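Please read the following alongside the sequence and the coordinates.

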Amino acid sequence: MYFEADSEITSSEAYTYAVIIVLLSAIANTITHPYYFYTTLLGMRLRIAFTGLIYRKALRLSSLSLGKTTIGQVVNILSNDVNRFDQALIFVSYTIVAPLQLIVVTVLLYYQLGPSCFAGMAVIVLMTPLQGWFGTLFSQLRTKTAVLTDERVRLMNEIISGMRVIKMYAWEKPFSFLVSESRRKEIQKVRKSSQLRAANLSLFFTTISLVSFATFVVYSLTGNTLTASKVYFAIPLFIVVRQSSGLYFPYSIATTMEGFVSLRRMQDFLLLKELAIEDAPTNISKDAEDKTTKDPQVTMTNISASWDEDDGEKALTMVLKDINLNVQAGELLAVVGPVGCGKSSLLMTIMREVPHMTGNLDLSGRIAYSAQLPWIFSGTVKDNIIFGLPFDKQRFDHAIRVCALKKDLDILPKEEETLVGERGVKLSGGQRARIGLARAVYNDKDVYLLDDPLSAVDTQVGRHLFDVCIKNALKDKPCILVTHQLQYLENVDRILVMKEGEVAGYGTYTELQSSGIDFASLLKKPEEQEQKVVFKRRGSSFNVSSIKRSQSVVSGQSIEPICDETDEEEFKATGNISYTAYGQYFRAGGGASFIAFYILINLIVQALFNVSDWWLAYWVLQEETALNEFNELDSTNSTASPSSFEFDSNWYIYTFLGLTASLFVMSFLRSFLTFSFAITSSENLHNKMFNAVVHAPMRFFDANPTGRILNRFAKDIGLMDELLPLTVADIVQISLMVLGAVLTVAIFNPVVLLVVFPLVMIMFLVRLYFLHTSREVKRMEGITRSPIFSHLSATLQGLSTVRAFQAQKSFTNQFDGYQDHHSQAWYLFLTTSRYFGIWLDWLALVFVTAVTFGCIILFDVSETLNAGTVGLSLTYALTLLSFFQWVVRQSAELENLMTSTERVLEYTNVKSEAALESHSKPPSDWPKDGSITFEDLSLSYYDGGPLVLKNLNCNIHAKEKVGIAGRTGAGKSSIMTALLRLAEPSGTVTIDGVLINDLGLHDLRNSISIIPQDPVLFSGSLRRNLDPFEEHTEVELWEALEEVQLKTFVSEFPEKLEAEVTEGGTNFSVGQRQLLCLARAILRHTRILIVDEATANVDIKTDTLIQATIREKFEHCTVLTIAHRLNTIMDSDRIMILDQGRIAEFDEPFVLLQKNDGFLKKMVSKCGQTEAANLLDIAREKYNKNNSNKKTILTENVHTIIEENDVNVTLNKNVGL
């Protein structure tokens, strides 16, 4: 009003009003930031609380509940759902504040504009149900998106965990298709959600124009005169309403609705069924703590158990039926039986992991458990053994000694402080088994449950473990030993023989023998012929059925151990986000033509904003000028009446309408383009990262924990999907608004430029100072987040072990420690961000002060300003009070969020293995014969690493059956690695004369079948696990299952081949999983088969079945058998003995046994006198068969009983030396 021509306000009053404007802005700055800080702090605390609660719940989940969820789902809850608390609480108060502000503003506007104000307020009110509808859609989309994200993260977790098998089978394409489809469905929902966000943002930025148009057009059409005092009184109030009702209110609705969706997902998880034990899953009966541990025992009376839930609707599948047993202190019970008979389920029932439906279980004492597949978590050897207990040197050394780990520790780089990698990737299978057993010994519990710990070690070590550890160190404990090693049964106190979940025999060895139970026949196919040999041990002699496939074990290696200390720390970039990263992000969202079009649209939209605001000011100026001229005329012409003043506003209204409509349309177009570009960029970068990761060499997966890789695919991609598009849209739109506002103010009031330039420089310097800290804090936050996911993933994988040892508190403390480290980084980010906001708001206040007082000073000095331009300048200045600091803060936030893009881009540049497809194609029938030639073959697992294979030279003939043996670390599995090029070898390897280095990896790997030691199944249908490419008919699949004797088992499933396989294949026993891997090999019809210690964790029957099937189905194939048990390779055409990466011996087994100091002869000598004779017979028989047309060099076998001290002499006599 001071700037109007007939204003009665004095200069001193104008300065007073200016001071009030500045003071009120200062008060707003002082109050706003503490409020936002403490609400974000509250959100952080809620997130921490829920994260801890979810982890603690995970520790208590029953086995049935674990089947209803996945690691991917839990990771998604922790990476995305709990983060809703960080966002939702900031604006939740505006659900109340916004309506109250709307009422107050309406009253003030009514005082100035009368009923015309309701037209503008109606626009805002009508937007409310629209925003409510948007909120409902957000909620629905969030629910669907979360489910799809769960599925994608679950898939990624499975793929990362099973990458070795995927590469061996050349299954990258089908799994890439699964992830691609999952991501496509997810991105569809994300794109719809982003379209809603774009609509919301467009409504926010066009609200002022729409409300101004409705209000002032109605005001003008009702015969009122527009004046600057009325217009620029109303517009700041519109800005207030827009901020609260147009932005914060819909945002609070959207985040609240999404928050409720996340709460429901967390609630569903928290309501999953827990183990039926109060307080904590300690695996101890309620009165166990009151009982003295001096007399621990396990008693099962009429126990029947099932993995299924008793819902009363369907019959339960019992895994145990009417089990009765009693194990007292100092008693050793051996549990034997064929694959799938319920041996492991028995131990799970004792640990309360499998609920028993009938009967009584009395467990007195604390449990120590050694799993069939040992669970090793990322950390040191010592960490895995002490398992959260205080370190006791004497106890530790005792555990190391009795578990035969001393020599293993001596060869590790840092002995017990050596990092073992995730899942113990740097250890052999035997080392992992012994560490699992050492963990049980060190923990010194009351009751010991040992699930086949002797299968993964050689015979000599197995005897040591049985005699020194199980029989001696644990002699005072009740001990239940599941085993497939029949040679130990005579030395146990009692034996429980199981068959199909029932007790087939229970008693001492002598009692069971006298009752007619034949242990070996129970564990093998009854039609097989058996040879009788006599065992002599500890003065007792007895007969057992000893099959040729007995327990001669060479080593327990699943993959060649990589005992290097090159655990890669997670890479943390430093300095500014590079322009290259921004360039890659923008190029991923669209090409150069799109970016050019996008820039043009932004310039048009901003021009429409400024022109429409200027046009309103121009309209006001023209109408006020006309009114002043009329008043002057009125003062000279007394006959005129005020009511006769008329102003033709139609031209101004129509132009204003055109500008507002164009602005509305173009603003929507800009917002949709922005979000479309950002989502497209996220989609493309995800696909590029996945393709890079899935084609990365195995070294990448060995060096990076699963949680670290999942963090990229879960949290970082989540930020790029949700927060980054909104931030980019904010930056683009607000930056242009700030620039347009500053230019507009400078045009009308050039004096302001004297303040703007130094102010911009100060803001730029403050931003640089802030980013230097904030960016590193954000990177630190991303890095400290990864261990949370890794720890959660590892815990869920080894949950039964954690609960058996009652280590929940220790693991919870570790998890809380990881959370604390992350919270420190997050708290630093919150405080630095808020402090930065305070600085910016006070600097923006300087600009407001300069504009406010500058207008008064300039008007007093020159009177060149009019009320319209001053009103426009002050309006822009007040707008800039929030927008100025917001654009700088959002630019900093963009930099922080771009750290996620930077981390994704880091994985898009992972070094790739060789091409899957190559121009050098082998013949269509290759390999036709299957001959393999090594010339100077050497192999290192990583650049600069030690050679695990050294200058190997040999020729493997077509259709030849070759056994590969050697001690742990000798290089056995490395031959498989070199053949499949899981790591690139040096030297020359040819198959049927074709150099494998010239081939594409798929051509090579599809020509070789694998039966791995650790059988891996993926979630999905059984059909997809057998035939992911859908290359085989249903008849062929059933024939393969029949070959491995699983047809009857699978046909009992209602879904048959479509039966669901749970994550990790946990609804199949280890033996059944191994048989399914054999079925895969049968279906591939290749000329080369590699058997990588495939019988390490199966019973004799399954071992025999696998060996017989291999001999029958792969008779015309070249077979390389990496030996776990010597008997599996003793009838090979030739045996290759490796020692320290070199070929020590390579010839027929019988020929090798003629060497006095031969490696094979020494191995056989250590197997015991009976087994040595058995192995010698096998070798002689094979040699005799191969040389049937030659003169025999065999001499008559001089004896059948070989005393242990005379093993070498006897061997010499048998081979004629």
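Gly 114, with a positive phi near 75°, follows helix α5. Helices here are DSSP runs of H or I with at least four residues, numbered from the N terminus. The model is predicted, so local features need pLDDT of at least 70 and side-chain atom pairs count only at pLDDT 80 or more, while totals for chains, interfaces and linings use all residues. Residues are numbered from 1 along each chain as its sequence is written, and side-chain values use heavy atoms, with hydrogens and water left out.

Helix α5 covers residues 94–113; its 20 residues reach 26 Å from first C-alpha to last, close to the 28 Å expected at 1.5 Å a residue (1.5 Å times one less than the number of residues). Tyr 94, Ala 98, Leu 102, Val 105, Thr 106, Leu 109 and Leu 113 of α5 are buried. Buried means under 20% relative accessible area, exposed over 50% and partly exposed in between, with a 1.4 Å probe and protein chains only. The buried residues of α5 line one face of the helix, because seen down its axis they fall within an arc of 115°, taken from the directions from the helix axis to the C-beta atoms. On the other side of α5, Ile 96, Leu 100, Ile 103, Val 107 and Tyr 111 are exposed.

How many aromatic pairs does a search of the whole structure find? There are 39, where rings of Phe, Tyr and Trp (its six-membered ring) pair if their centres lie within 6.5 Å, and planes under 30 degrees apart count as stacked, over 60 as edge-to-face and the rest as tilted. One of the pairs is Phe 594 with Tyr 598, stacked at 6.2 Å centre to centre with 5° between the planes. These two residues are four apart in helix α19 (residues 592–636), so about one helical turn separates them. Phe 594 is partly exposed at 21% relative accessibility, and Tyr 598 is buried at 10%. Phe 668 and Phe 672 form a tilted pair, 6.1 Å centre to centre and 45° between the planes. Both lie in helix α20 (residues 650–694), four residues apart.

Thr 801 belongs to helix α24 (residues 799–804) and is buried, at 3% relative accessible area. Beyond its neighbours within four places in sequence, Thr 801 is in contact with Tyr 369, Ala 371, Trp 375, Phe 387 and Arg 439; contact means heavy atoms within 4.5 Å.
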